[in-house]
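Me: I have not looked at this structure before. Please take me through it in short questions and answers.

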Amino acid sequence: MATDGMWIWDGGRVCLDLVNTLRNRWRTPPTETLRSSGDLVLWLHEAGLLAPDPPHRATAATLASGRRLREVVDRAVLAGADGRLPAADDIMMLNRSAAEAPRPALQITVTDGRLEPAGTANLATDPAVALALVAQDAVDLLLSAEIRRVRVCGADTCALRFLDRSPAHNRRWCSMARCGNRTKVRLHQARARRSEHTPRG
């Protein structure tokens, strides 16, 4: 069974975090982190979508639906980011999945003298409903201007999806602390090796 440390939460949207539960997409096969229905339940808890009490169980069918939704979201979001329309079948599945849970009522709070959206305590009480909340997030992303800011990490051995909210909209890495620094170190080492073998005049 996976642990919560197995997952990466740098997507910027919960639907992208679900997509990123299939790691190393550049490999054949990629690395599956939702290996069991228990993994799915734990991920939904960690994502803040599933109420912790009482304990929940997901069926094998729910796990299969979650993995299927993950790939539908990935295809649809990458199409939207590229300025293309998602496939009709993917749109249909997203709509069907999103309709399985009501959208929680929007709440507001006052922060530093201004109104802001408040978090909601209306968590799902069933894993299938929690997956519907992921589908709703994907639909919301596809309909927003942020869809054009979805990126794939520029590191050769990553391929995680993330939302670029940098001011210049030029973020290349899923995380500077992870892929960004690793790439910089690798490039620095390559330059150092080249300079060692460069004849000095």
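This is a predicted model: local features need pLDDT of at least 70, side-chain atom pairs count only at pLDDT 80 or more; totals for chains, interfaces and linings use all residues.

Me: What percentage of the residues in the protein chain is buried?
Reply: A residue counts as buried under 20% relative accessible area. The protein chain has 201 residues, and the buried part of them is 40%.

Me: What share of the contacts with a separation of 6 or more joins residues 24 or more positions apart?
Reply: Contact here means heavy atoms within 4.5 Å. Among the contacts in the protein chain with a separation of 6 or more, the share from residues 24 or more positions apart is 60%.

Me: Which residues touch the most other members of the largest nonpolar core?
Reply: In soluble globular proteins, nonpolar side chains tend to be buried together. The largest nonpolar core here has 38 residues, and the two that touch the most other members are Trp43 and Leu69.

Me: Which element gives the largest share of this core?
Reply: Two or more residues of the largest core come from each of helix H1 (14-19), helix H2 (37-46), helix H3 (60-81), helix H4 (88-98) and helix H5 (127-142). The largest share is nine residues, and the element that gives it is H5.

Me: Which residue of H5 meets H2 and is also touched by Trp43?
Reply: Leaving out residues up to four places away in sequence, Trp43 touches Trp7, Trp9, Val14, Asp17, Leu18, Thr21, Leu34, Leu49 and Val134. On the H5 side, the residues that meet H2 are Pro127, Ala130, Leu131 and Val134.

Me: Against which helices do the buried residues of H2 pack?
Reply: The buried residues of H2 are Asp39, Leu40, Val41, Trp43 and Leu44. The buried residues of H2 pack against H1, H3 and H5.

Me: Are H2 and H5 oblique or roughly parallel to each other?
Reply: Their axes are 10 Å apart and form an angle of about 55°. H2 passes H5 in a left-handed crossing. Angles under 35 degrees count as roughly parallel and 65 to 115 as roughly perpendicular, and H2 and H5 are therefore oblique.

Me: How are H3 and H5 placed relative to each other, oblique or roughly parallel?
Reply: H3 and H5 pack at an angle of about 5°, with 10 Å between their axes. The contact includes Leu69, Val73 and Ala76 of H3 and Leu131, Ala135 and Ala138 of H5. An angle under 35 degrees counts as roughly parallel, so H3 and H5 are roughly parallel.

Me: What is the angle between H3 and H4?
Reply: Residues of H3 that meet H4 include Leu69, Val72 and Val73, and those of H4 include Met93 and Leu94. The crossing is left-handed, and H3 and H4 are therefore oblique to each other. Their axes are 10 Å apart, at an angle of about 125°.

Me: Which residue in the hairpin of S3 and S4 takes a positive phi?
Reply: Strand S3 (residues 107-111) and strand S4 (residues 114-118) run antiparallel and are joined by five bridges. Val110 stands opposite Leu115 in S4. Two residues lie between the strands, and the positive phi, near 50°, belongs to Asp112.

Me: Is Glu100 buried or exposed?
Reply: Glu100 is placed in the loop between H4 and S3. Leaving out residues up to four places away in sequence, Glu100 touches Ala128, Val129 and Ala132. Its relative accessibility is 52%, and over 50% counts as exposed, so Glu100 is exposed.

Technical notes:
Residues are numbered from 1 along each chain as its sequence is written. Side-chain values use heavy atoms; hydrogens and water are left out. Two strands pair if DSSP finds at least two bridges between them. Helices (H or I, at least four residues) and strands (E, at least two) are DSSP runs, numbered from the N terminus. A nonpolar core is a set of buried Ala, Val, Leu, Ile, Met, Phe, Trp, Tyr and Cys residues joined through side-chain atoms within 4.5 Å. Buried means under 20% relative accessible area, exposed over 50%, partly exposed in between (1.4 Å probe, protein chains only). Axes are lines fitted to C-alpha atoms, for helices over the stretch in contact, and angles run from 0 to 180 degrees between N-to-C directions. Angles under 35 degrees count as roughly parallel, over 145 as roughly antiparallel, 65 to 115 as roughly perpendicular and the rest as oblique. A crossing is left-handed if the near helix is turned anticlockwise from the far one by less than a right angle, and right-handed if clockwise.
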